[in-house]
Amino acid sequence: MRVPAGSPGGDDAEDGVGPGGSIGGSNGLNGGAPNGELDRYHVAILAELQREARLSNAELAARIGLSPAPTWRRVRWLEEQGFITGYRAEIDRRRLGLGVLAFVRVDADRNNGAATKELEEAIRQLPEVIACHYISGAGTFELEVMATDLDAFSRFSIDTLLNLPNVKDIHTSFSLGEVKAGGALPLGHLKPKG
């Protein structure tokens, strides 16, 4: 039987706190997980917040089947442990006039640590680059770049990308349509405790 929140043994009972305040069960009083393992509530919180990050704590608690206090503690623990790294609004790029999404492979001229770090830092400073990955190959980066139109992208490529430090060449492909974007991380591989 579930004890009402605020009564002796209430919310804390859901966190595995036994009589006299001893900690047991799958989770401690602070919402954490033993040995860094996630329980089913942690996984449910991650799934729900990926779907809708603006949920109130009460709404989130109702969706995962836990009362608000232990839900809040679990969310805080997930943030503190780095599972949740931030909250963002998803914005429709076309409504902002960003009609071009390009995938740009940047081949580096030199493939050593100092040259790579210099190029990485230069790429981080470019707001037009919304994502960048260092991929397998000879000093190759894969960039996602947004621009208002093809002319703007062309100017950005010639004036900026080709002038980045240690860039040998660039190769571009354009998105003709988004099939899936801003997707949530898959959580099916997690084997939650409890």
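Let's start with Asp-107: its side chain makes a polar contact with the side chain of Arg-105, at 3.3 Å. A polar contact is a pair of N or O atoms within 3.5 Å; within protein, one must be able to donate a hydrogen and the other to accept it, and residues adjacent in sequence count only if both atoms are side-chain atoms. Asp-107 also has a polar contact of 3.0 Å with the side chain of His-171, again through its own side chain.

A quick word on the source. This is a predicted model, where local features need pLDDT of at least 70, side-chain atom pairs count only at pLDDT 80 or more, and totals for chains, interfaces and linings use all residues. Residues are numbered from 1 along each chain as its sequence is written, and side-chain values use heavy atoms, leaving out hydrogens and water.

Back to Asp-107. Where is Asp-107 placed? In strand β1, residues 100–108. Helices (H or I, at least four residues) and strands (E, at least two) are DSSP runs, numbered from the N terminus. Is Asp-107 buried or exposed? Buried, because its relative accessibility is 12%. Buried means under 20% relative accessible area, exposed over 50%, partly exposed in between, with a 1.4 Å probe and protein chains only.

Now the helices. Take α2, residues 40–51, and α3, residues 57–64. They pack at about 120 degrees, axes 10 Å apart. Axes are lines fitted to C-alpha atoms, for helices over the stretch in contact, and angles run from 0 to 180 degrees between N-to-C directions. So α2 and α3 are oblique to each other. Under 35 degrees counts as roughly parallel, over 145 as roughly antiparallel, 65 to 115 as roughly perpendicular, the rest as oblique. Who makes the contact? From α2, Tyr-41, Ala-44, Ile-45, Glu-48 and Leu-49; from α3, Leu-60, Arg-63 and Ile-64. Contact means heavy atoms within 4.5 Å.

Next, α2 with α4. Their axes come within 10 Å and cross at roughly 75 degrees. That is why α2 and α4 are roughly perpendicular. The α2 side brings Tyr-41, His-42, Ile-45 and Leu-46. The α4 side brings Thr-71, Arg-74, Val-75, Trp-77 and Leu-78.

Last stop, Glu-79. Glu-79 is also in α4, residues 68–80. Glu-79 is partly exposed, with a relative accessible area of 30%. Leaving aside residues up to four places away in sequence, Glu-79 touches Ile-84 and Tyr-87.
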